[in-house]
Amino acid sequence: MRASRKVAPAPSAVVSALRRRYPPETGGAAGPFRTLVATVLSQRTREERTAEAAGRLFAAYPDAPSLAAASPGEVVPLIRPAGFYNQKAPVIIEIARRLVADFGGEVPRDLESLLSLPGVGRKTANCVLVYGFGLPAIPVDTHVHRISNRLGWVRTRSPEETELALRALLPRRYWPDINELLVLFGRELCRPVGPRCPECPLAGCPSRGILRTGRRKGRAYAPGFRSSLLGGLGKALGGRGVS
Ligand code: SF4
């Protein structure tokens, strides 16, 4: 008897199921400058701490020209909640100076130009394209990388490989949603350790029954759950949060 081969669930089914679980939130876009700077601030920092730092920073320096004229000594106290503030302050000031010098004070809307900015890697650049400009791109963090492999969509060893594989696999209409949906899903159910497979709404996941599942603990998704994840930062940004 031939063993049945597990097939990865279709992206359309995954996106539909997760969108039902995590309906889109309304709110204006944060804008590319705030999205860019807040994403740099968010590196190795909890979301609520990033939101506090970003809110303080943007109240004093709302755009690239004003931040470009600041000194690290002026910026560090404002972004102190974000952690690694001594390293991040000169980076975000240099980003602002490059925007003023090379891009007329505006954030460029193409990947190559974004990657030329200091402190900007592929995840940050793709976040700016999706959350700042509303363009199709796939920011890949640890949640997107892990879940894409668990679902059998990709077999990759790094987020960079995953991004390229997902770009080839996923129809472009899904690109803007995939980061938000998988980040929320990865925090609630498909956790790094102890995924809650018995509660998972995704039919046909080839990792179901293979991974050691976790007990239910912490918060389940409920109205307001996402507000605690993305809303705080989004509020500080003046619109939709980033991840
Ligand atoms: S069945 Fe388990 S491993 Fe698969 S997507 Fe759901 S939570 Fe993740």
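A helix crossing is called left-handed if the near helix is turned anticlockwise from the far one by less than a right angle, and right-handed if clockwise. By that rule, α1 and α11 make a left-handed crossing. What you're looking at is a predicted model, where local features need pLDDT of at least 70, side-chain atom pairs count only at pLDDT 80 or more, and totals for chains, interfaces and linings use all residues. Residues are numbered from 1 along each chain as its sequence is written, and side-chain values use heavy atoms, with hydrogens and water left out. Helices are DSSP runs (H or I, at least four residues), numbered from the N terminus.

**Helices meeting α11**

- The axes of α1 (residues 11–21) and α11 (lines fitted to C-alpha atoms over the stretch in contact, with angles from 0 to 180 degrees between N-to-C directions) come within 10 Å and cross at roughly 65°.
- That makes α1 roughly perpendicular to α11 (the label covers 65 to 115 degrees).
- On the α1 side, V15, L18, R19 and R21 do the touching, and their partners in α11 include L181, L182 and F185 (contact means heavy atoms within 4.5 Å).
- By class, this contact has six nonpolar, no polar and five charged residues (Ala, Val, Leu, Ile, Met, Phe, Trp, Tyr, Cys and Pro count as nonpolar, Asp, Glu, Lys and Arg as charged, and the others, Gly among them, as polar).
- For α9 and α11, the axes come within 8 Å and cross at roughly 85°, so α9 is roughly perpendicular to α11.
- H143, V144, R146, I147 and S148 of α9 meet a set of α11 residues that includes N179, L182 and F185.
- The α9 contact with α11 splits into five nonpolar, four polar and two charged residues.

**Buried helices**

- T162, E163 and L166 are the buried residues of α10 (residues 159–169) (buried is under 20% relative accessible area, exposed over 50%, partly exposed in between, with a 1.4 Å probe and protein chains only).
- Seen down the axis of α10, those buried residues fall within an arc of 100°, so they line one face of the helix (the arc is that of the directions from the helix axis to the C-beta atoms).
- Turned away from that buried side are the exposed residues L164 and A168.
- Covering the buried residues of α10 are, among others, α8, α9 and α11.
- Over in α2 (residues 32–41), eight of the ten residues are buried, so the helix is largely enclosed by the rest of the structure.

**Positive phi in the loops**

- R44, in the loop between α2 and α3, has a phi near 55° and counts as exposed at 67% relative accessibility.
- F84, in the loop between α5 and α6, has a positive phi of about 50° and is partly exposed at 38%.

Conventions
Helices (H or I, at least four residues) and strands (E, at least two) are DSSP runs, numbered from the N terminus. Angles under 35 degrees count as roughly parallel, over 145 as roughly antiparallel, 65 to 115 as roughly perpendicular and the rest as oblique.
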